[in-house]
Structure formats: C-alpha cells, structure tokens
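This report describes the strands, cores and selected residues of one protein model.

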Amino acid sequence: MILDQNLKTVRAWYGLQGAVQALSASPDGTRVAALGRDRWVVWDARTGQEVRSGTPEYDTTLAFAADGALLMLNDGTLTRMDLQSGQTTDVLGDGEAYDVRVSADGTLAAVIYEDRVDLVALADAQVIASSEI
C-alpha cells in the first residue's frame, strides 16, 4: 500500500494472505515485490497489475537487482529471475547462505553464512570483501 503525505491510500496491491515476510521495490521504482508464507508476488508499481508470482521455497527472502531482475534467497542459494521470461539462474550460496541484504541500487549484496559475511558485486557474483563472524 502506498500512502500520500495525508496518509490516504494512493495504490494498494492484493494477492497475499497473512503477514508479509519480505517487501522490496526495484531500484527504478517500477516494480514492487512481496513475500508471504505461501506465495510471492511482483506487481507493476504504476498499474498494480501482477507481473509474476510463485510459491516460495524454504527460508526465502527477496530483493531486486540493478537491472530489475528479482533476487530470491531460496534454501541457502541466491537465485536471479528474469521477470519477463521467468527463467532463473543460481547466483551464489550453494545452499549455504543464511541471509542476504541487497543495496538500494541493486548492485551489491551482503551474504551471511554461518561463519562469515561476504560483500558481493551482483553483476558478476565476485566477492569484494569478506569478514569472519
């Protein structure tokens, strides 16, 4: 739901039941993604139309890459989904990542593992920095 400065509803999206577990806006502001317990949905922010949806896997979170692709951490692996085709590719994690946080511009990700945190450039999945925890 988007509210104006007077807290009046400007746009609302429907499609999830229950609590929202993750919410993200694309860097260019054209898409909004939300994750519920049983479903994830991506909407066009201007029209409110559903762009793509699916069923989350175990321990899922979501964000957007700089190019507008949807990033999802599914059961320890970060995947990239082309919203046009629905095609997914594994980016990193190999089932070992615990959590991920993507920068607002969608270019970097902090990937949390059991024993370390990696700062990763999403364009090429290269680790820029790493620190033990």
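## Aromatic rings and a charge over a ring

The number of aromatic pairs is zero, where rings of Phe, Tyr and Trp (its six-membered ring) pair if their centres lie within 6.5 Å, with planes under 30 degrees apart counted as stacked, over 60 as edge-to-face and the rest as tilted. The model is a predicted one, in which local features need pLDDT of at least 70 and side-chain atom pairs count only at pLDDT 80 or more, whereas totals for chains, interfaces and linings use all residues. Residues are numbered from 1 along each chain as its sequence is written, and side-chain values use heavy atoms, with hydrogens and water left out.

The ring of Y113 does have a charge over it: the charged end of R116 lies 3.9 Å from the ring centre. The criterion is that NZ of Lys or CZ of Arg is within 6 Å of the ring centre and within 35 degrees of the ring normal.

Strands are DSSP runs of E with at least two residues, numbered from the N terminus, and two of them pair if DSSP finds at least two bridges between them. Four strands form an open sheet in the order 3-4-5-6, with antiparallel pairing. Strand 3 (22–25) and strand 6 (50–54) are at the edges and have a single partner strand each, so one side of each lacks a neighbour in the sheet. From one strand to the next, the twist averages 10°; axes are lines fitted to C-alpha atoms, and angles run from 0 to 180 degrees between N-to-C directions.

Within this order, five bridges connect strand 4 (residues 31–35) with strand 5 (residues 40–44) in the antiparallel sense. Here A33 is opposite V42 in strand 5.

## The hairpin of strands 7 and 8

Strand 7 and strand 8 make a hairpin with five residues between them, and G68 in the turn has a positive phi of about 90°. The two strands run antiparallel, and strand 8 (residues 70–74) is joined to strand 7 by four bridges. L62 stands opposite M72 in strand 8.

Strand 7 (residues 61–64) is covered on both faces, with T61 and A63 buried on one side and L62 and F64 buried on the other. Buried means under 20% relative accessible area, exposed over 50%, and partly exposed in between (1.4 Å probe, protein chains only). N74 belongs to strand 8 and counts as buried at 10% relative accessibility. Beyond its neighbours within four places in sequence, N74 is in contact (heavy atoms within 4.5 Å) with E57, Y58, T60 and T79.

## Nonpolar cores

A nonpolar core is a set of buried Ala, Val, Leu, Ile, Met, Phe, Trp, Tyr and Cys residues joined through side-chain atoms within 4.5 Å. The largest has 13 residues, of which L78, L92, V100 and V111 touch the most other members. Strand 8 and strand 12 (108–112) each contribute at least two residues to this core. A second, separate core of 11 residues includes A33, L62, M72 and M81.

Apart from neighbours within four places in sequence, L92 contacts G76, T77, L78, V111, Y113, V120 and A125.

## Positive phi in two loops

L7 lies in the loop between strand 1 (2–3) and strand 2 (9–11). Phi of L7 is positive, near 65°, in a residue other than glycine, and L7 counts as exposed at 65% relative accessibility.

D94 lies in the loop between strand 10 (88–92) and strand 11 (99–102). Although D94 is not a glycine, its phi is positive, at about 50°; D94 is exposed, with a relative accessible area of 70%.
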